[in-house]
Amino acid sequence: MPRQRADRILVWSLRATSALAGLLVLMILGFLVFESLDGVRRVGAPRFLSDPGWHPNQGDGSSEFSLLPMIVATLTTTLGAILLAGPIGILAAVYCRFYASERVSKLFRRLIELLAGIPSVVYGFWGLVTLVPLIREIAPPGASLAAGVLVLFLMIVPTVALLAFAALKDVPKQHLEGAAALSLSRWSTLRQVVFPSAASGLGIALLLGTMRALGETMAVLMVCGNIARVPESLFDPVRTLTANIALELGYATADHRSVLFVSGLALMIMVVGLVVVQDRLQRRASLG
Amino acid sequence: MRTPLLTSALFLSLAACGPSGAAEATGDGLTGKLTLTGSSTVAPVALEIGKRFEGLHPGVRIDVQTGGSSRGIADARSGLADIGMASRACKPSESDLDAHTIAQDGVGLIVHSDNPVESLTDDQVRSIYLGGITNWNEVGGPDAPITVVNKAAGRATLEVFLKYFGLDEKAIEADVVVGDNEQGVKTVAGNPHSVGYVSIGTAEYGAGNGVPIKLLPTDGVEATTENVGEGTFPIGRPLNFVTFGEVDPLAQAFIDYCRSSEVHDLVTDLYFVPVRNAE
């Protein structure tokens, strides 16, 4: 086959497959919007934040559809998890790349890869059986926002660490050699040469870690207590948007079901928002 | 193709995983797949009887999934399940469905076996679940806050519990919400200062297997399968198979089998009360 023709076939197949991927995402978004329309129309969007609580299944018409407790739970568990996992993951990657010997670095990375592969339900089970009773010693009941944050932190720190390591490895050798030629200390090299250079890669590490935490369902369902109320302290039980959908979609009908789709849409919007923010930051970093 | 022997061995083993050809059906030639979804209380019974049924009719596959009684009822109506499982009687709004009772069960309160409290009055239970009583020392126990375990909405065990104690779902102040009975048992077993309520069958089964929980009597009546069977236990409920519209022969055969005396041993092994005669 002549090279020109082979190239053209390749380009068009690539265009087709990436269009397919993009189309899938749009279809999911469209499906969520379509299923949520009924709920928005019949219940009214302001009620999703202003209703006194989440009691969607009262047969007598007194149902309440406030998504606020679940939104707060999702945001706080994710924020707490990434605030812990971000620095620790990145510093672990820095250690592996710049401070550890080759052998220790390889061993450490294998361990982290192992952690990254553990299924979330195993983390949830461990959390339920070990972590929750520990937290209960400090503040009953144990199944709480704190448990959720800790379990999510454990789940995303390997992701953040591995991606950060890849970003740090991508820093061009010339940069490091130039810094050495200027006799910069190791920490100065890191602060002034490596981090700015790897910034977009580190940003992606944090982003993917956050997205994993946002979407986690099984682990938080098992350790957070599942009470749909805005938490007043770190040790109050919470119910995330994902756990809410998992608990109730199986049997929800009509309005209830539609509002669950609205909560799914809310999650999707959060993720899209994160991606947009990350994109803007990246663009600013590459221009500056 | 460096290892043709290995590759062909792999392909052969894949082919062996295919459908197991023409199975020898016993006389009545029943074949097909049945899907049951719904109550986590009924699910173990359906599963055990299903296994025995599959043994008798090799062409049949019985698939059991949980999700709560409300899911069972919704799936039976929509056709997603051939039979819905519900651990309560049908409500007036569910008169379009047919219920076939396969066993009797009760809802009992459970606490950790280390908890010195031996019983709670109905009023005390109401108060605990409404947030009035918050410490075990108010009901004769140790000085520790009570961890209230409630069931998720859509679970029949919750509805039976609310109905008996006359509570409104919105008014309940719980600390943990669990899904199925097993999760409830595990949560109470893992927390010496908790109280919850689950199916008596599930609780007796767990206690019989060494799980550190104990059932509390209700209104003076011990929460045992015997008392449920004799009708003296106040919080009883039927375990139903729910169908919508016309029932196909395989489903009807399975329902009849579950209500027959051939499976009484399976039902009593799970600490439920078998149905005496098919109604």
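A: Helices and strands are DSSP runs, numbered from the N terminus. This is a predicted model, and in chain A the elements run α-α-β-β-α-α-α-α-α-α-α-α-α from the N terminus on.

Q: How many helices and how many strands does chain A have?

A: Chain A has 11 helices and 2 strands.

Q: What box do the C-alpha atoms of chain A fill, and what share of its residues is buried?

A: Taken along the principal axes, the box is roughly 75 × 65 × 35 Å. Chain A has 288 residues, of which 37% count as buried.

Q: Among contacts in chain A between residues at least 6 apart in sequence, what share joins residues at least 24 apart?

A: The share is 74%.

Q: How do I read the packing of two helices?

A: Two packed helices are described by the angle between their axes and the distance between the axes. Take H6(A) and helix H8 (residues 186-215) of chain A: their axes come within 8 Å and cross at roughly 150°. Angles over 145 degrees count as roughly antiparallel, so H6(A) is roughly antiparallel to H8(A). H6(A) passes H8(A) in a right-handed crossing.

Q: Which residues of H6(A) and H8(A) meet?

A: On the H6(A) side they include Leu152(A), Ile156(A), Val160(A) and Ala164(A). Among those they meet in H8(A) are Val194(A), Ala198(A), Leu202(A) and Arg212(A). By class, this contact of H6(A) with H8(A) has 17 nonpolar, 3 polar and 1 charged residues.

Q: How many residues does the largest nonpolar core have, and which have the most contacts inside it?

A: The largest nonpolar core has 140 residues. Those with the most contacts inside it are Ala147(A), Leu152(A), Val160(A), Ala164(A), Val223(A), Val45(B) and Ile83(B). Helix H6 (residues 145-169) of chain A gives the most to this core, with 19 residues.

Q: What does Val45(B) touch, not counting residues up to four places away in sequence?

A: Val45(B) touches Ile102(B), Ala103(B), Leu239(B), Val267(B), Leu270(B) and Phe272(B), with residues up to four places away in sequence left out.

Q: How is an interface described, and how many residues do chain A and chain B bring to the contact?

A: The size of an interface is often given as the accessible area lost when the parts come together. Here the description is by residues: the contact takes 17 from chain A and 20 from chain B. In chain A, helix H5 (120-138) and helix H10 (241-248) are the elements that give two or more residues to the side touching chain B. That side of chain A has 8 nonpolar, 7 polar and 2 charged residues.

Notes
Residues numbered from 1 in each chain as written. Chains lettered and ligands numbered in written order. Predicted model: local features only at pLDDT ≥ 70, side-chain atom pairs only at ≥ 80, totals over all residues. Contact = placed C-beta atoms within 7 Å. Helix = DSSP H or I, 4+ residues; strand = E, 2+ residues; numbered from the N terminus. Nonpolar A, V, L, I, M, F, W, Y, C, P; charged D, E, K, R; others polar. Buried ≥ 20, exposed ≤ 12 C-beta atoms within 10 Å, placed from the backbone. Core = buried A, V, L, I, M, F, W, Y, C linked by C-beta atoms within 7 Å. Axes fitted to C-alpha atoms, helices over the stretch in contact; angles between N-to-C directions. Parallel < 35°, antiparallel > 145°, perpendicular 65-115°, else oblique. Left-handed = near helix turned anticlockwise from the far one by under 90°.
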